[in-house]
Amino acid sequence: MDDLHKLKLLAQGLVLNADTSRGPSCSGAIAELREDEDEAYFSSYGHYSIHEEMLKDKVRTESYRDFMYRNMDVFKGKVVLDVGCGTGILSMFAAKAGARKVIAVDQSEIIYQAMDIVRANKLEDTITLIKGRIEEIDLPVEKVDIIISEWMGYFLLFESMLDSVLYARDRYLTEGGLVYPDRCNISLAAVGDTQKHSDRIAFWDVVYGFKMTCMKKAVIPEPVVEMLKPETVISEPAVIKTIDCGSVTVSELEFAEDFSLKITASTICKAIVGYFDIFFDKSCGNKVMFSTAPDCTKTHWKQTVFLLESPIPVKTGEELPGQITVHKNRKDPRALLITLDIAGRKQTYSLQ
């Protein structure tokens, strides 16, 4: 490490005015990951490109901004905790919305850039930045009034960052405090004609004159993250999970739910698409929400598409029954194992 970099880190340390010693032990697979085990995850958020992508996602960033700026009465004079602050954009929104104090926490190296950003905007008297995992540090306050976080991953729950937000809620949120966003839905819909099915599945039937159908078994379990054309959706959506961020427990983030998709076109169902809706509406007069559905403005989350090995013929008006099971991959708790049982055809997918 060169001397200039050492000096910069020393200067950044002046902002780290909180005790970052290991806090009390906590339950949950994510909380129990050692720093070396989780290094790849946090390292990925140290790269600038991922933050650029998120900041340029106007649906995401402007929804948070609009919620805070339109509801300054909620934030005025409050102590706010930003879990996984990244470049600090949400913390700065909260400060501008009138928060008395904002504590921004992030384990990745981007925190050092956030410190520069906060100082450049003359918000260092309001925003305190702390490098570390929320499960392993002590905040400079006993309680906070509001927790904000942009924790969502593909299919909402990929990355399991919500676990850390819930840990922060249970340890630091004052009685009657608020968590934003406060409500989320996961929805499924049936998908008909999709070029991706031909590209990824039918492709293996014959490759340069050779049969490679055995490859389908290896390819199918990998969900596809892409923007679907709205016209390829062939059913009404079905909400399969609603999450109240103020009360949900970590164990409830693993679940099995029955669902039924009402078909809107007579065709062949080749895939199931998953997406989510985010709501900021508790205790605020100006409610804000956004959706990652195929017929909405594109976000960096896109949609998660589960291709079916054996497409299912469907008719307008009929119900396509199914069950979905979602649980963490025990070998990698930030990954998800998702099992879909559609009309008696079961397939497990690994989102990692």
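Predicted model: local features only at pLDDT ≥ 70, side-chain atom pairs only at ≥ 80, totals over all residues.
1. Residues are numbered from 1 along each chain as its sequence is written, and side-chain values use heavy atoms, with hydrogens and water left out.

2. On to the ring pairs. The whole structure holds 12 aromatic pairs; rings of Phe, Tyr and Trp (its six-membered ring) pair if their centres lie within 6.5 Å, and planes under 30 degrees apart count as stacked, over 60 as edge-to-face and the rest as tilted. One of these is the edge-to-face pair of tyrosine 69 and phenylalanine 93, at 5.6 Å centre to centre with 80° between the planes. This pair links distant parts of the chain, from helix α4 (residues 58-70) with tyrosine 69 to helix α6 (residues 89-96) with phenylalanine 93, 24 residues apart. Helices (H or I, at least four residues) and strands (E, at least two) are DSSP runs, numbered from the N terminus. Tyrosine 69 is partly exposed at 34% relative accessible area, whereas phenylalanine 93 is buried at 8%.

3. Back to the opening residues. Phenylalanine 75 and tyrosine 180 form a tilted aromatic pair, 6.4 Å centre to centre and 35° between the planes. Their pair also links distant parts of the chain: phenylalanine 75 sits in helix α5 (residues 72-75) and tyrosine 180 in strand β5 (residues 173-180), 105 residues apart. Both belong to a cluster in which ring pairs link Tyr64, Phe67, Phe75, Tyr180 and Phe280.

4. A cis peptide bond joins tyrosine 180 to proline 181, with omega about -5°. Proline 181 is in the loop between β5 and β6 (183-191). Arginine 183 lies over the face of phenylalanine 279, at 3.9 Å from the ring centre; a charge sits over a ring if NZ of Lys or CZ of Arg is within 6 Å of the ring centre and within 35 degrees of the ring normal.

5. Where do positive phi values turn up in residues other than glycine? Phenylalanine 155 has phi near 55°, and so does lysine 302. Phenylalanine 155 lies in the loop between β4 (144-148) and α8 (161-172) and counts as buried at 2% relative accessibility. Lysine 302 lies in the loop between β13 (288-291) and β14 (303-314) and is partly exposed at 28%. Lysine 122, which follows α7, also has a positive phi, near 55°.

6. Next, the strands. Strand β1 (residues 79-83) and β2 pair in the parallel sense over five bridges; two strands pair if DSSP finds at least two bridges between them. Valine 83 stands opposite valine 105 in β2. Five of the six residues of strand β2 (residues 101-106) are buried, so the strand is largely enclosed by the rest of the structure.

7. Strand β16 (residues 332-342) has eight of its 11 residues buried, so it too is largely enclosed by the rest of the structure. Threonine 325 stands opposite threonine 339 in β16. Strand β17 (residues 345-351) also pairs with β16 in the antiparallel sense, over seven bridges, and aspartate 341 stands opposite lysine 346 in β17. The hairpin of β16 and β17 has two residues between the strands, and alanine 343 in this hairpin takes a positive phi near 50°.

8. How many cavities of 30 Å³ or more are there? The count comes to one. On a 1 Å grid over the protein atoms alone, a cavity is a set of points where a 1.4 Å probe fits but cannot get out, and lining residues have an atom within 4 Å of a point. Grid points are joined across faces, edges and corners, and a volume is the space filled by probe spheres set on the points. The largest cavity has a volume of about 40 Å³ and is lined by Leu157, Ser160, Leu162, Asp163, Leu253, Lys328 and Leu336. Its lining divides into four nonpolar, one polar and two charged residues (Ala, Val, Leu, Ile, Met, Phe, Trp, Tyr, Cys and Pro count as nonpolar, Asp, Glu, Lys and Arg as charged, and the others, Gly among them, as polar).

Key. Buried < 20%, exposed > 50% of the residue type's maximum accessible area, 1.4 Å probe, protein only. 1 Å grid on protein atoms, 1.4 Å probe; cavity = no way out; pocket = protein on both sides within 12 Å on 5 of 7 lines; lining within 4 Å.
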